[in-house]
Amino acid sequence: MVASATSDFVAQVQDWADVAAAGIEALAVLIIVVAILVATVAVALRTFTPERRAGAEREYRTRLGRALLLGLEILVAADVVRTVAVDPSLESAGVLGLLVVIRTFLSWSLSVEIDGRWPWQTRDPAA
């Protein structure tokens, strides 16, 4: 009787965690899509004004990079929730580790693209 109640509770927690992970993933996608739309509209409006046109491409790339960084970080959170609560196995932990490594590499690449320097380098005050 106790084992049955415990397994029912665990199943309910896993179901809730799966729904939460799906919601977090949907939030990440929504953030990326909305940020892309906002950045596109902002830069498109900026290009209509000749004196503000300079630097529009750089601003666009920066906005897109930041949106992707935020989306990647939220997707990692969803993967952690899913791995820890829904499928806590050695195989899923290995897949999570691989996903985190790949997304970390992407995040670093985007960060370098946005800032033009490695995160441990000091900012150039003249820039």
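The model is predicted, local features need pLDDT of at least 70, side-chain atom pairs count only at pLDDT 80 or more, and totals for chains, interfaces and linings use all residues. Residues are numbered from 1 along each chain as its sequence is written, and side-chain values use heavy atoms, with hydrogens and water left out.

Q: What is the distance between the end C-alpha atoms of helix 2?
A: Helices are DSSP runs (H or I, at least four residues), numbered from the N terminus. The expected span is 1.5 Å times one less than the number of residues. Helix 2 has 31 residues, so it should span 45 Å. The computed distance agrees: 44 Å.

Q: How far does helix 3 reach from its first C-alpha to its last?
A: Helix 3 covers residues 90–115, which is 26 residues. At 1.5 Å a residue, 38 Å is expected. The reach is close to that: 37 Å.

Q: Which word describes the direction of helix 2 relative to helix 3: parallel or antiparallel?
A: Two packed helices are described by the angle between their axes and the distance between the axes. Axes are lines fitted to C-alpha atoms, for helices over the stretch in contact, and angles run from 0 to 180 degrees between N-to-C directions. Here the angle is about 165 degrees, with the axes 9 Å apart. An angle over 145 counts as roughly antiparallel, so helix 2 and helix 3 are roughly antiparallel.

Q: Which helix is included in what covers the buried residues of helix 3?
A: Buried means under 20% relative accessible area, exposed over 50%, and partly exposed in between (1.4 Å probe, protein chains only). In helix 3, the buried residues include Ser-92, Leu-96 and Arg-103. Their cover includes residues 56–86, which form helix 2.

Q: Which residues does Thr-83 contact, leaving aside its neighbours within four places in sequence?
A: Thr-83 is placed in helix 2. Its relative accessibility is 12%, so Thr-83 counts as buried. Contact means heavy atoms within 4.5 Å. With those neighbours left aside, the contacts of Thr-83 are Pro-88, Ser-92, Ala-93 and Leu-96.

Q: Which residue has its backbone oxygen 2.8 Å from a polar atom of the side chain of Thr-62?
A: Thr-62 also has its place in helix 2. Thr-62 is buried, because its relative accessible area is 14%. At 2.8 Å from a polar side-chain atom of Thr-62 lies the backbone oxygen of Arg-58.

Q: Which residues does Glu-113 touch, not counting residues up to four places away in sequence?
A: Glu-113 lies in helix 3. It counts as partly exposed, because its relative accessibility is 37%. Beyond those places in sequence, Glu-113 touches Arg-58 and Arg-61.

Q: Is Trp-120 buried or exposed?
A: Helix 3 is followed by Gly-116, whose phi is positive, near 75 degrees. Trp-120 lies in the segment after helix 3. Its relative accessible area is 57%, so Trp-120 is exposed.

How values were computed. Helices (H or I, at least four residues) and strands (E, at least two) are DSSP runs, numbered from the N terminus. A polar contact is a pair of N or O atoms within 3.5 Å; within protein, one must be able to donate a hydrogen and the other to accept it, and residues adjacent in sequence count only if both atoms are side-chain atoms. Angles under 35 degrees count as roughly parallel, over 145 as roughly antiparallel, 65 to 115 as roughly perpendicular and the rest as oblique.
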